[in-house]
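This report covers helices, salt bridges, surface charge and backbone angles. The sequence and structure come first.

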Amino acid sequence: MNGDVSLLDRYVDSPIYGIAPEHGMAIVLVLGLAMVAFAVRFLARRGGRRSGDLVSRYRVLPSVQRLLFSLLAVSASMNLGMAMGRADSLVGEWLFAVAIAEVAVLRRLLKGRSWRRRLSVVMIVALTVSLGLAVAGFTVGQIGFVTALLEVTALAVVLRSVDGGRVLRLAASLTVIGAIGFTTLAGWGGAVVAGIGVEVRWRCPRSESSGDACP
Amino acid sequence: MNNTTHVNEGPVAAVSVLLFVQGAIVVSLAVEAVVAAVMFGGLSALSAALTVAAAVVTLRLVANLPKRRRRTRRWIMRFQVGWIVFGLLDLALALGLAGRGLTPSGFLVRIALPTSIFWLLRRPSVRSEFEDRESTDETEPSWELEEAWA
């Protein structure tokens, strides 16, 4: 099967179009996050003090910051879920650190403290390392790809309000377009690098462990 | 810095961010489609032409958003409906031919993102902003591409 595989086949069959088994926990955590959000809202309506405080802090945020809040909450949950799936590796520790950093920015946003510079640093570093990992052949998969898109959107929120001259604002606009382009390119490149071998490992792990060729 | 800033951060600003991200995604798709058209030719050239046209329309809509014209709002909403229809068509084809649904990123880009933009633009507060204002708000931050495209 691995003998004569064209570049196109390697791309189309790539794990970039699937959900890696080790990323399943990310979906569970995002669903859990939605349930927590509903529970907090419900408790706030019932007069819960802490949940009421949280909801009132959220409601005073302008629309753009509410959007950012949602993006960061989902992105942090996904990073945490992916970290749990790779707990025994350096990549897992890195994803855990990104999730913690995103939660820290989220907290500052809710408390009304400065968050723009910190968010920019966290997003740029997280995206750069993610893209590097993808190109190096680590399986990004759909969950990693979606997380990167959410992080680029969060970065766009900060870059939109860049205060400065025409050149600075043009650079901000091009950074967003470039970040999306590089995310796609890294997905594409990573798909070819990871190739059919990873796809085979996903589909028939027993065959691999026993050394048999995948049917 | 606290939450109160000098810039407009209302729902239209959120639409501006989402629409710009959508435009950036379509630009990436257009580049990908052009590369595919060069490599494989045939029908992929038509697909590339459509994607490039979609990228131009999206950036044009982003450029016109700060002017808050009712016509722009309507065109953005129509464009989002088009995205959702194509997304659902893609989903139907994927289910019918390949027996599997959209990928999470496909769902995010083709269904969730256009639905969010459409939903934000339908809100009465946003609608009233487009009805009341016909000129550009000087205090509103804008993507620099807006000036070039407007």
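## Salt bridges in chain A

Asp53(A) has a relative accessibility of 38%, so it counts as partly exposed. The model is predicted, and in it Asp53(A) forms a salt bridge with Arg57(A), with 3.4 Å between the closest N and O atoms. Arg57(A) is also partly exposed, at 31% relative accessibility. Both residues belong to helix H3 (residues 49-59) of chain A, where a spacing of four residues separates them by about one helical turn. In general, an α-helix has 3.6 residues a turn, so residues three or four places apart point the same way.

A salt bridge also joins the side chains of Arg86(A) and Glu22(A), at 3.6 Å from N to O. Arg86(A) sits in the loop between H4 and H5 of chain A, and Glu22(A) in the loop between helix H1 (7-12) and helix H2 (24-45), so the pair ties together parts 64 residues apart in sequence. Arg86(A) counts as buried, at 13% relative accessibility, whereas Glu22(A) is partly exposed at 25%.

The loop between helix H4 (63-85) and helix H5 (90-111) of chain A also holds Ala87(A). This residue is exposed, with 55% relative accessibility. Its C-alpha lies 19 Å from that of Gln142(A), which is 55 residues away in sequence.

## Helices of chain B

Chain B has six helices and zero strands. Of its 150 residues, 45% are buried. Helix H1 (residues 11-40) of chain B contains 30 residues and should span 44 Å at 1.5 Å a residue; the distance of 42 Å between its end C-alpha atoms agrees. Gly41(B) follows H1(B) and has a positive phi, near 60°.

Asp90(B) and Arg110(B) form a salt bridge through their side chains, with an N to O distance of 1.7 Å. The pair links distant parts of the chain, 20 residues apart: Asp90(B) is in helix H3 and Arg110(B) in helix H4 (residues 104-122) of chain B. Asp90(B) is partly exposed at 25% relative accessibility, and Arg110(B) is partly exposed at 30%. Over all chains, the structure holds four salt bridges.

## Positive patch and a buried arginine

A surface patch of positive charge gathers Arg60(B), Arg69(B), Arg70(B), Arg71(B), Arg74(B) and Arg78(B). Helix H3 (residues 70-98) of chain B gives the most to this patch, with four residues. Arg74(B) is placed in that helix and is partly exposed, at 42% relative accessibility.

Arg68(B) lies in the loop between helix H2 (43-64) and H3 of chain B. At 0% relative accessibility, Arg68(B) counts as buried. Its phi is positive, near 55°, in a residue other than glycine. Most residues other than glycine have a negative phi.

Conventions. Residues are numbered from 1 along each chain as its sequence is written. Chains are lettered from A and ligands numbered from 1 in the order in which they are written. This is a predicted model: local features need pLDDT of at least 70, side-chain atom pairs count only at pLDDT 80 or more; totals for chains, interfaces and linings use all residues. Side-chain values use heavy atoms; hydrogens and water are left out. Patches are made of residues with over 30% relative accessible area and no salt bridge: like charges are joined within 9 Å, nonpolar side chains (Val, Leu, Ile, Met, Phe, Trp, Tyr) within 5 Å. Accessible areas come from the Shrake-Rupley method with a 1.4 Å probe; for residues, only the protein chains shown count as cover. Lys and Arg count as positive and Asp and Glu as negative; His and the chain ends are not counted. The place of a charge is taken as NZ of Lys, CZ of Arg, CG of Asp or CD of Glu. Helices (H or I, at least four residues) and strands (E, at least two) are DSSP runs, numbered from the N terminus. Buried means under 20% relative accessible area, exposed over 50%, partly exposed in between (1.4 Å probe, protein chains only). The expected span of a helix is 1.5 Å times one less than its number of residues.
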